[in-house]
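Here are my notes on the model you sent over. Have it open while you read, and tell me where you disagree.

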Amino acid sequence: MRSRLPWRASRAVLACGVALVVGGCVGTIDREDFNRTIQQRGGGVTPELPQNAVDAIADRLGVEDFAFRSLTINPPNELVVVDVRDPVTPVNLDTYTVRRGTVERVVPVRLSAEVDLDAETILVSTVAFDRLDEMADAAIAEFDRDGYVTSISATALDETATISMSLESDRASATARFTAAGDLIEVVRS
Amino acid sequence: MNRPTTPRGACLGVGALVGILLFSASMLTCIVTIGIWPGEAKLTAPLFCPDDKPDPYVVVDSYSRAPGETSYNFSLYCMGSRGEVEEVGFLWPCVVLTAAHGALILVIVGFFVVRGRLRRARRAVGEPGQPVSPLP
């Protein structure tokens, strides 16, 4: 009687060969498609991004609240960059780079003699970062349902702050502006 | 005649078996998870993904270190409904999968060992020297 073992073994070897040749990427997604998925879901904007950064900076400074001049959020990289007024030495400004809720770097900012930090900074607690998801939804609804947020920045000027949100879609780009309370002012197509 | 097993010998035997099991599980993880099906790491998502980011993705990055050479890097990410992501990496999912593969190997080997013993026990019944139940 002819043994069936060699045939079975050769089939197993063939299956392993095919699996190794075809495999290597089963169940994966490449970076480009992954980023597109993030964009389809709105760009990854959540209130936790700035809140975690603010908490990390407040912990580092040992204060409950602090004044800032500008705050920039880059959702894809989970990166937040904040120009913070030193609560101990208020004439100084430092740039804090925070990634995923951890302060990565603090760099002093060189200021000119004309800079008035009293007018150009505002307490972080007065800006509605906790409404960031609602703001993103409002801006995307006004701009393009298929759009997404690429970056967000808050800038203090004249004792108030303006929040700007950069938006993109396959066919257009725009900037949405909000009050410090998180109310939409306008969406301007670029 | 069988020699009695000493405690030291038993420890060495168990250690060798554990070593073989670890090696086999690691090799299986290398072949299956890294070589053929990196998406298997998504099965570990319930252990690593937070509740607000429940959707797992295994992202593959390819880059060339030298001409004619392409390297691949896999990483498990968890994504939330707004597109927010958290990177888990690939090391801890591989550790968990190695443990799971080890358990799977144990179950399969245990199944065959138990089946073999049952067969031997059945064959032994009725052989000369074995007690036979008296006829009624």
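The points below go through aromatic pairs, surface patches and salt bridges.

1. Ground rules. This is a predicted model, so local features need pLDDT of at least 70 and side-chain atom pairs count only at pLDDT 80 or more, while totals for chains, interfaces and linings use all residues. Residues are numbered from 1 along each chain as its sequence is written, chains are lettered from A and ligands numbered from 1 in the order in which they are written, and side-chain values use heavy atoms, with hydrogens and water left out.

2. Aromatic pairs. Over all chains there are five of them. The rule covers rings of Phe, Tyr and Trp (its six-membered ring) with centres within 6.5 Å; planes under 30 degrees apart are stacked, over 60 edge-to-face, and the rest tilted. In B:Phe74 and B:Phe90 the ring centres are 5.7 Å apart and the planes sit at 40°, so this pair is tilted. B:Phe74 is in strand β2 (residues 69-79) of chain B and B:Phe90 in the loop between β3 (85-89) and α3 (91-124), so the contact ties together parts 16 residues apart in sequence. Helices (H or I, at least four residues) and strands (E, at least two) are DSSP runs, numbered from the N terminus. Both B:Phe74 and B:Phe90 are buried; that means under 20% relative accessible area, with exposed over 50% and partly exposed in between (1.4 Å probe, protein chains only).

3. B:Phe111 and B:Phe112 make an edge-to-face pair, 5.3 Å centre to centre with 75° between the planes. B:Phe112 is partly exposed, at 46% relative accessible area. A:Phe34, B:Tyr57 and B:Tyr77 form one aromatic cluster.

4. Surface patches. Patch members have over 30% relative accessible area and no salt bridge; like charges are joined within 9 Å, and nonpolar side chains (Val, Leu, Ile, Met, Phe, Trp, Tyr) within 5 Å. B:Phe111 and B:Phe112 turn up again here, in a nonpolar patch with B:Leu104 and B:Ile108 that has about 410 Å² of accessible area together. Such areas come from the Shrake-Rupley method with a 1.4 Å probe; for residues, only the protein chains shown count as cover. B:Ile108 belongs to helix α3 of chain B and is partly exposed at 43%.

5. Positive charge. A surface patch of positive charge gathers B:Arg115, B:Arg117, B:Arg119, B:Arg120, B:Arg122 and B:Arg123. Lys and Arg count as positive and Asp and Glu as negative, leaving out His and the chain ends; a charge is placed at NZ of Lys, CZ of Arg, CG of Asp or CD of Glu. B:Arg117 is also in helix α3 of chain B, and at 57% relative accessibility it counts as exposed.

6. Salt bridges. For B:Glu87 and A:Arg100, the closest N and O atoms are 3.9 Å apart. B:Glu87 lies in strand β3 of chain B and A:Arg100 in the loop between β4 (93-99) and β5 (102-108) of chain A, so this bridge joins two chains. B:Glu87 is partly exposed at 37%, and A:Arg100 is partly exposed at 48%.

7. Bridges within a chain. B:Glu86 and B:Lys53 come to 3.5 Å between closest N and O atoms. B:Glu86 is in strand β3 and B:Lys53 in the loop between α2 (45-48) and β1 (55-66), so the bridge ties together parts 33 residues apart in sequence. B:Lys53 is buried at 14%, whereas B:Glu86 is partly exposed at 30%.

How values were computed. Salt bridge = Lys/Arg side-chain N within 4 Å of Asp/Glu carboxyl O.
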